[in-house]
Amino acid sequence: MERLESDEIDLLELFRQCWKDRVIILLAAALATIVAVAYALWTPSIYRAQIVIAPGALANFGSLAGQIQARSSQPVAVAIADGKQLAVDSFELLIAQLESKASKAEFDESHVEAPRNVTLEIKRGRAEGEPVTVSARAGHSGHAGRFLDAYLAFASARASAELNGFLTGMGLNYEAAPSMLYRVESPSYELGSPVHPKPLLIITLGFVLGTIAGAFIVMMRALLKRESGTPAFS
């Protein structure tokens, strides 16, 4: 019981010492806040745009599925299944183009007016044929959205050309337009404010961490005094 009371007294004295040395704590908090403000002001802003796309409508591939069905004399139900798979396969062809480094390099070379230094990110669904989120990050407002729209159009044109070349080689009289390969689940949009840095969050964290660091310094000074035989809380 006496030990417990002694610990409580020490804790109270510790808080008193923190209050006594509050200048140290305030200085540490101020210094950390200044560093946080400088970081928030000097760190380049990053803007983000995204679009969610999914496989094209089944109706887009009805004619193609019909040609395949006529060749094989399969039931109509099989042709419907083939049409669904064609939509998924064509969509996967588009995603492969979007992910291709060679495709990105060709886009940069052929679209000199497009924004530069844009980072592309593609988040697939858990299963084949599920919606895919395509995101772009850029250092200037408006650049991410412009790049995303232009690159999606470029990649879909390349994918449709590749698909049409394959169909021609098979002897099928069919031409897939770029817009047939996908449908837009969520339109392209760019956030009005940068996603990085977050000035208010950074400054708040700087102040909190500085305050904690200042309190730690005060407590360590008190403990060192006690170990050296000097009255700890004086």
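Which residues do ring pairs link into a cluster? Ring pairs join Phe-107, Phe-147, Tyr-151 and Phe-154 into a cluster.

## Basis and overall layout

This is a predicted model, in which local features need pLDDT of at least 70 and side-chain atom pairs count only at pLDDT 80 or more, while totals for chains, interfaces and linings use all residues. Residues are numbered from 1 along each chain as its sequence is written, and side-chain values use heavy atoms, with hydrogens and water left out.

The chain has seven helices and four strands. Helices here are DSSP runs of H or I with at least four residues, strands are runs of E with at least two, and both are numbered from the N terminus. Starting at the N terminus, the order of elements is α-α-β-α-α-α-β-β-α-β-α.

Of the 234 residues, 32% count as buried. Buried means under 20% relative accessible area, exposed means over 50%, and partly exposed lies in between, with a 1.4 Å probe and protein chains only. The chain exposes about 14100 Å², of which carbon and sulfur atoms supply 63%; accessible areas come from the Shrake-Rupley method with a 1.4 Å probe, and for residues only the protein chains shown count as cover. A contact means heavy atoms within 4.5 Å. Among contacts between residues at least 6 apart in sequence, 77% join residues at least 24 apart.

## The strands

Two strands pair if DSSP finds at least two bridges between them. The pairings described here are listed in the table.

| Strands | Sense | Bridges |
|---|---|---|
| Strand 1 (residues 47-55) and strand 3 | antiparallel | seven |
| Strand 2 (residues 119-123) and strand 3 | antiparallel | five |
| Strand 1 and strand 4 (residues 182-190) | antiparallel | six |

Strand 3 (residues 132-138) is largely enclosed by the rest of the structure, because five of its seven residues are buried. Val-134 of strand 3 is the bridge partner of Ile-51, and Val-134 is also the bridge partner of Ile-122. Ala-138 in strand 3 is the bridge partner of Tyr-47.

Strand 1 has eight buried residues out of nine, so the rest of the structure largely encloses it. Towards strand 4, Ala-54 stands opposite Arg-183.

## The aromatic cluster

Rings of Phe, Tyr and Trp (its six-membered ring) pair if their centres lie within 6.5 Å; planes under 30 degrees apart count as stacked, over 60 as edge-to-face, and the rest as tilted. By this rule there are five aromatic pairs. One of them is the edge-to-face pair of Phe-107 and Tyr-151, with 5.2 Å centre to centre and 70° between the planes. This pair links distant parts of the chain: Phe-107 is in helix 5 (residues 101-110), Tyr-151 is in helix 6 (residues 143-169), and the two are 44 residues apart. Phe-107 counts as buried because its relative accessibility is 0%, and Tyr-151 is buried with a relative accessible area of 1%.

Tyr-151 also forms a stacked pair with Phe-154, at 6.3 Å centre to centre and 20° between the planes. Tyr-151 and Phe-154 both lie in helix 6, three residues apart, which is about one turn of the helix. Both of these residues are buried.

Gln-97, in helix 4 (residues 76-99), also touches Tyr-151. Gln-97 counts as buried because its relative accessibility is 9%.

## Other sites

Gln-67 lies in helix 3 (residues 62-72) and is partly exposed, with a relative accessible area of 21%. Leaving out residues up to four places away in sequence, Gln-67 touches Leu-172, Asn-173 and Tyr-174. Gln-67 and Tyr-174 are 107 residues apart in sequence and 8.8 Å apart in space, C-alpha to C-alpha.

The charged end of Arg-22 sits over the ring of Trp-19, 4.2 Å from its centre. This term requires NZ of Lys or CZ of Arg within 6 Å of the ring centre and within 35 degrees of the ring normal.

Helix 7 (residues 199-227) has 29 residues and reaches 42 Å from its first C-alpha to its last, close to the 42 Å expected at 1.5 Å a residue. The expected span is 1.5 Å times one less than the number of residues. The buried residues of helix 7 are Ile-202, Gly-206, Gly-210, Gly-214, Ala-215, Val-218 and Ala-222.
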